[in-house]
Amino acid sequence: AQLVESGGGFVQAGGSLRLSCVASGVNFPVYNIAWYRQGPDEQREMVATVSFNGLPDYTYSSKGRFTISRDDARNTVYLQMNSLKPEDTAVYYCTIPTLSLWGQGTQVTVSS
């Protein structure tokens with residue numbers, strides 16, 4: 001079983017990125033999925049979650065700017081990030097918390 005993130009990169013403040021996370025080796029549709037991030041010298045923090053039936057939830061830092069969604073036919077979860085800020089700079093990870101399964105992460109860098 002594995003999760004593979006992609007879509008990170010370098011963007012100026014105010015820009016957008018869409019992250020993808022593709023799962024393999026798991027029965028993807030039955031699991032809640034989450035995005036976390038870890039900035040330089042910071043603890044890993046949750047960004048957003050989507051339940052097995054598609055209900056999203058956000059943290060204070062992501063609500064209103066980020067959108068999490070899933071495509072069970074493609075075993076993929078997305079994180080659309082708009083109005084990016086320098087403080088969003090981090091490595092972004094997707095995870096299936098129930099399985100303690102994590103991807104390798106994708107770097108997002110936002111310049112001011």
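1. Buried means under 20% relative accessible area, exposed over 50%, and partly exposed in between (1.4 Å probe, protein chains only). Strands are DSSP runs of E with at least two residues, numbered from the N terminus. In soluble globular proteins, nonpolar side chains tend to be buried together.

2. On provenance, this is a predicted model, in which local features need pLDDT of at least 70 and side-chain atom pairs count only at pLDDT 80 or more, while totals for chains, interfaces and linings use all residues. Residues are numbered from 1 along each chain as its sequence is written, and side-chain values use heavy atoms, with hydrogens and water left out.

3. A search of the whole structure finds 2 aromatic pairs. Rings of Phe, Tyr and Trp (its six-membered ring) pair if their centres lie within 6.5 Å; planes under 30 degrees apart count as stacked, over 60 as edge-to-face and the rest as tilted. The ring centres of Tyr36 and Trp102 are 5.1 Å apart with the planes at 70°, so this pair is edge-to-face. Because Tyr36 lies in strand β4 and Trp102 in strand β10 (residues 101–102), the pair ties together parts that are 66 residues apart in sequence. The rings of Tyr93 and Trp102 have their centres 6.3 Å apart and their planes at 80°, so that pair is also edge-to-face.

4. Tyr36 is partly exposed at 22%, and Trp102 is partly exposed at 35%.

5. Two arginine residues place a charge over an aromatic ring. The charged end of Arg44 sits over the ring of Tyr93, 3.8 Å from its centre. The charged end of Arg70 sits over the ring of Phe28, 4.7 Å from its centre. The criterion is that NZ of Lys or CZ of Arg is within 6 Å of the ring centre and within 35 degrees of the ring normal.

6. The structure holds 1 disulfide, a term that denotes a pair of cysteine sulfur atoms within 2.5 Å. The disulfide is formed by Cys21 and Cys94, with their sulfur atoms 1.9 Å apart. It links distant parts of the chain, with Cys21 in strand β3 and Cys94 in strand β9, 73 residues apart. The link is right-handed, with 55° about the S-S bond. Both ends are buried: Cys21 has a relative accessible area of 1%, and Cys94 one of 0%.

7. Ser20 is also placed in strand β3 and is buried at 15% relative accessibility. Leaving aside neighbours within four places in sequence, Ser20 is in contact (heavy atoms within 4.5 Å) with Val4, Glu5, Ser6, Trp35, Thr76, Val77 and Tyr78.

8. Thr89 lies in the loop between β8 and β9 and counts as buried at 19% relative accessibility. Which backbone atoms does the side chain of Thr89 reach? One is the backbone oxygen of Pro86, at 2.9 Å; another is the backbone nitrogen of Val110, at 2.9 Å. A polar contact is a pair of N or O atoms within 3.5 Å; within protein, one must be able to donate a hydrogen and the other to accept it, and residues adjacent in sequence count only if both atoms are side-chain atoms. Beyond neighbours within four places in sequence, Thr89 is in contact with Gly39, Pro40, Gln107, Val108, Thr109 and Val110.

9. Glu87 is found in the loop between β8 and β9 and is exposed, with a relative accessible area of 55%. The C-alpha atoms of Glu87 and Ile33, 54 residues apart along the chain, are separated by 23 Å.

10. Phi of Asp41 is near 60°, a positive value in a residue other than glycine; Asp41 lies in the loop between β4 and β5 and is exposed at 86%. Phi of Ser83 is near 50°, likewise positive in a residue other than glycine; Ser83 is found in the loop between β8 and β9 and is partly exposed at 42%.

Note on methods
Helices (H or I, at least four residues) and strands (E, at least two) are DSSP runs, numbered from the N terminus.
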